[in-house]
Amino acid sequence: MFGSIMSANWPERISAFSRSPSQFLCSTTSDIFLAEVLRELRDDRASDHIKVLLLSPLLEHPTLLCPSVSVGEETALELMSVFAQCSPKSLPLRRHLLLALTSVLLCSCCVSSHTSNSQDFLELLLQTAQDTNDAQAGAALRPLRATACDCLRELEACLPGLLSQRLELLSSLRQQENSGLHQAYTGLHALALRNAVYLLTQQKGAGAGDLKAALGSNEGFVWGEGADSAHLDSESHSDLAIFSPLTLGPMGKVPSLQTGLDCKELRSLLSSLLEESYLLTSLSQAALLQGLVEVLAMVPAVSPTIFRAQLLRLLGTCKVCLVHTTLLMKAAFTDSLFSAEDEAFLLKRLVGLSQHPLLSTPEKLFYMDCILHFPENRPISCGDGDESLPVLLTPRLAAALVPTVFNDSVSMLARLNLLSLVYLEEGEEDGEGQGGRGLAYLYDHLTSLLRIVENQGSREMVVTFFRAAFLFLLHFCHVERYSEDLSQRLCDLYLRHTRLAPHLINLADRTQDRLEESGWAVALLKALQRTITEAPLSQLTLQDLRWHLRILARVAEEGEVLQRATLNFLLCVITSSSSALCVSGDWRLGNGVLGVCRRLLLHPSLDSLLTPLADLLQHLTCHYGETDIQDHARLYYTLLTTLSREKLAGVLAQRGAERGRQAKVRSMSAIMAETEELTSGLTVHQTERPLLRLVKLEKHEPDDCKPEHKPESESACESESSPGQGGIEREDYRAQFQSPSFASEITLQYHLTHTGVHDPRFDKLFSIRLHFDLTDGHYEEVSDISVPCLFRTRKPPTVRLRLKPKQPYHTTLRASAIFTTEDGVSWHSQLADLHVAFPEVFLPFLAPLGWTREQKQRVFEGIWGEICSEESEGDLTNAATSLFCDQLEDSAMGELVEKHFQRYLVSDLDKGRCKVLFFLPPQSHVLLKIITEEDAVQVHIATDNWKLLPYINSYLEDITKEIHSTQQVNGDV
């Protein structure tokens with residue numbers, strides 16, 4: 001029966017799942033998909049390639065397929081079984097199985113819950129890793145050992161300290177391994193050592209004896225009882241998970257282990273690891289050294305000079321990862337390991353690498369950043385994270401990094417920033433000194449960039465210039481001879497290229513944000529205003545005017561800048577007889593003029609601008625050739641001539657002034673003044689906690705759903721029916737499905753009540769609107785439900801929730817409510833999620849009106865026969881049968897049928913036998929034949945949708961357990 005199902009195209013399905021897991025699971029559930037994947041993995045007919053492909057969802061989305069510990073444990077058990085049955089030659093499959101097991105056990109919290117499967121898996125990994133030098137399985141299985149080491153390292157990284165009682169074994173494996181896997185064993189040992197030492201630092205009173213015992217331990221794992229015996233709690237593990245690296249912060253924050261001078265075992269182990277480090281790749285060396293630095297930082301009894309032999313090699317490296325590790329080492333041990341000569345040499349090397357022609361731009365930027373955050377032996381600044389130059393970086397040494405126009409944009413800006421800091425430290429007062437000459441050079445470089453922009457430079461060069469100007473101003477805005485000259489040059493540049501207006505506005509904004517006490521931005525805006533208003537109108541084009549209006553609107557935001565010149569300029573442009581602006585009726589230009597006028601309405605000097613501004617607005621109202629502009633100008637004119645300054649500001653201002661300039665606005669606010677009552681009435685407030693809840697009601701069976709009395713025995717009815725008659729009745733029954741609305745919905749009933757939170761404001765609620773959001777794609781969108789009112793002192797109203805399934809599965813709905821309180825305030829509140837269980841989707845046999853019990857039984861037997869037939873076609877290709885057994889007495893059997901199957905019976909319980917039919921919208925059936933044999937009950941299951949079998953089985957298990965519990969309670973009584 002499942003042959004056609006398992007012939008599905010797995011590559012396409014896995015590809016669809018990987019592209020969009022949520023969309024893929026709209027047509028099925030994670031439980032069903034996981035069951036299909038595991039079933040195919042157990043199938044011996046599937047190739048190793050397909051099985052490796054099937055493991056990819058568990059590797060990429062383990063939390064989606066295994067959301068709980070129980071599901072993760074069951075999945076891990078299945079994967080372990082598949083691994084045990086794999087042929088030794090199926091190496092890729094076995095490696096992927098180890099990786100999938102690691103992902104599932106970690107992401108489903110099985111490891112942290114120390115389940116038996118997790119312990120078995122850890123033992124399997126250690127057993128696989130102990131075959132050092134391929135002594136038993138041969139070199140062919142070496143990749144499997146490498147994967148086992150990777151899995152152990154992942155487990156130790158995610159649950160730090162897990163292997164802290166296996167340090168002796170890990171050390172032995174590392175020393176024995178002579179193949180290329182020595183690197184994997186070394187990395188695993190170093191990680192476990194670091195975590196073990198850290199765990200000891202968290203124990204009260206731990207010392208040299210505990211450290212020696214940890215280094216020689218070789219039994220168990222640190223979880224459960226092991227963690228308790230080590231006096232650790234879960235916080236130790238969670239803290240450790242985010243504790244990398246320790247040496248980034250000040251040394252005083254590193255936890256320490258007081259061991260005295262007796263640390264020869266640790267010192268010997270560290271020496272052994274360091275001697276072998278040159279055998280590793282650069283990245284592995286960096287990880288190893290970083291871990292060992294952290295170990296030494298936590299054990300002060302071991303001198304950092306143990307790294308001295310490695311330091312000579314590290315100072316000459318050109319690998320980025322090793323340079324970074326060297327700097328971490330220097331930050332951790334300063335002059336305990338690095339002499340003054342070493343410090344000077346390392347800084348010179350960083351400067352050389354920052355401008356080395358064979359290095360890529362990202363590498364050069366990294367080295368320049370290292371210079372800005374160089375860990376000095378005797379730091380003067382205590383700032384943590386701020387850019388500061390080392391004392392040894394003199395202008396002479398930094399001269400190799402002076403920016404040129406031939407550098408790429410990013411490198412040029414980084415060099416400019418670095419050199420600005422250098423010359424800022426030297427001081428610029430002495431024009432003949434190094435600082436003065438260096439500053440002059442930087443300004444010359446900036447003007448060179450400006451000349452490139454003047455000569456139609458590229459967009460990248462324009463952006464680079466303005467960024468460079470900002471950096472220069474950030475450091476040297478107080479040097480007037482340069483800042484004033486730069487303002488004048490920028491004005492000249494703007495007059496030649498008005499398209500640069502957005503860049504100039506942005507430069508003024510950012511400078512004003514960062515340099516709040518400086519008046520350079522305001523001075524630049526004044527200069528730009530003067531440049532625009534004094535330029536000959538005969539040379540003014542409409543395109544230039546657009547950019548001028550943007551500049552003038554920004555200038556009008558500054559309260560200390562006089563605006564008479566701006567108004568005169570606008571009046572000349574608008575009212576000039578030669579001006580075609582009003583005649584053209586250009587909406588964008590007119591809106592630009594109104595933008596300036598709007599800001600002028602909020603200017604502190606509005607009283608002195610009243611007459612010319614009114615003339616300008618009146619001219620726009622009467623003569624501008626665009627209706628929208630005329631209407632806005634008329635509104636501004638009315639506001640200007642009828643409201644006081646305070647009321648005018650209240651109408652137009654949407655935000656207060658920020659840092660001396662008026663806030664930017666894009667749209668006109670409402671003329672109605674905003675009040676607290678108006679704001680409260682127009683706002684939907686959010687409740688701090690849920691105030692409402694939906695309480696599910698028990699199903700009340702309608703009379704027409706109750707089974708009819710059977711006048712004759714079941715066998716007699718079956719013997720009198722003919723096959724042809726049964727076929728016609730099945731056709732009549734299925735003809736009902738042609739109607740789209742037939743049995744397409746299920747209705748659930750709830751009481752809407754208050755929660756336990758008592759707040760008098762919410763005792764009476766009105767106009768309640770319940771909204772439901774789906775969490776999967778198994779149901780159609782749920783319509784909102786309106787409830788007129790809810791009073792705490794009255795009977796709660798009944799809410800009928802109608803669901804239209806696409807697939808008959810359980811689901812969860814997220815509910816929320818919007819309502820109004822007695823004082824007219826609107827509120828929004830979240831409700832607890834609604835869980836729709838699988839049995840709530842069941843509907844009884846929906847036969848045509850007037851059918852007898854015999855007709856229903858004939859249809860039941862006909863559908864049963866079709867499902868069980870091996871020649872099923874059409875709609876029954878997904879049919880399947882199953883069997884469920886349980887031990888129940890006759891009395892329990894009657895209780896089971898009466899309590900759970902009564903409204904779904906097709907035949908009454910007679911001599912321990914009955915028939916049950918569940919209809920599940922939109923068109924699925926589950927048929928049960930229940931037979932009692934001595935002290936056991938057999939439930940024969942047939943369904944036209946095989947995907948429902950796992951849910952039916954779980955449902956039968958739940959209800960039989962409930963019956964057993966009831967019997968046990970009654971027996972005890």
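**Close-up 1. Lining of the second largest cavity, to which H20 gives the most, with four residues.** The model is predicted, with local features needing pLDDT of at least 70, side-chain atom pairs counting only at pLDDT 80 or more, and totals for chains, interfaces and linings using all residues. Residues are numbered from 1 along each chain as its sequence is written, and side-chain values use heavy atoms, without hydrogens or water. The second largest cavity has a volume of about 40 Å³. Its lining consists of Leu314, Leu315, Thr317, Val323, Thr326, Leu346, Arg349, Leu350 and Leu353. Helix H19 (320-333) and helix H20 (340-354) are the elements that give two or more residues to this lining. Six lining residues are nonpolar, two polar and one charged. Here a cavity is a set of points, on a 1 Å grid over the protein atoms alone, where a 1.4 Å probe fits but cannot get out; lining residues have an atom within 4 Å of a point. Grid points are joined across faces, edges and corners, and a volume is the space filled by probe spheres set on the points. Ala, Val, Leu, Ile, Met, Phe, Trp, Tyr, Cys and Pro count as nonpolar, Asp, Glu, Lys and Arg as charged, and the others, Gly among them, as polar.

**Close-up 2. The largest cavity, with a volume of about 60 Å³.** A search of the whole structure finds two cavities of 30 Å³ or more. Phe884, Asp886, Leu888, Leu896, Phe901, Val937, Val939, Leu956, Ile959 and Thr960 line the largest one. Two or more lining residues come from each of S10, helix H40 (890-901), S14 and helix H41 (949-972). H41 supplies the largest share, three residues. Eight residues of the lining are nonpolar, one is polar and one is charged. Helices (H or I, at least four residues) and strands (E, at least two) are DSSP runs, numbered from the N terminus.

**Close-up 3. Strand S14 and its pairing with S10.** Strand S10 (residues 880-886) and strand S14 (residues 936-943) run antiparallel, joined by seven bridges. Two strands pair if DSSP finds at least two bridges between them. Which residue in S14 stands opposite Cys885? Gln938 does.

**Close-up 4. The hairpin of S13 and S14.** Strand S13 (residues 924-933) is antiparallel to S14, with eight bridges between them. Ile930 has Val939 as its bridge partner in S14. Val939 also belongs to the lining of the largest cavity. Two residues lie between the strands of the hairpin, where Glu934 takes a positive phi near 55°.

Notes:
On a 1 Å grid over the protein atoms alone, a cavity is a set of points where a 1.4 Å probe fits but cannot get out, and a pocket is an open set with protein on both sides within 12 Å along at least five of seven lines; lining residues have an atom within 4 Å of a point.
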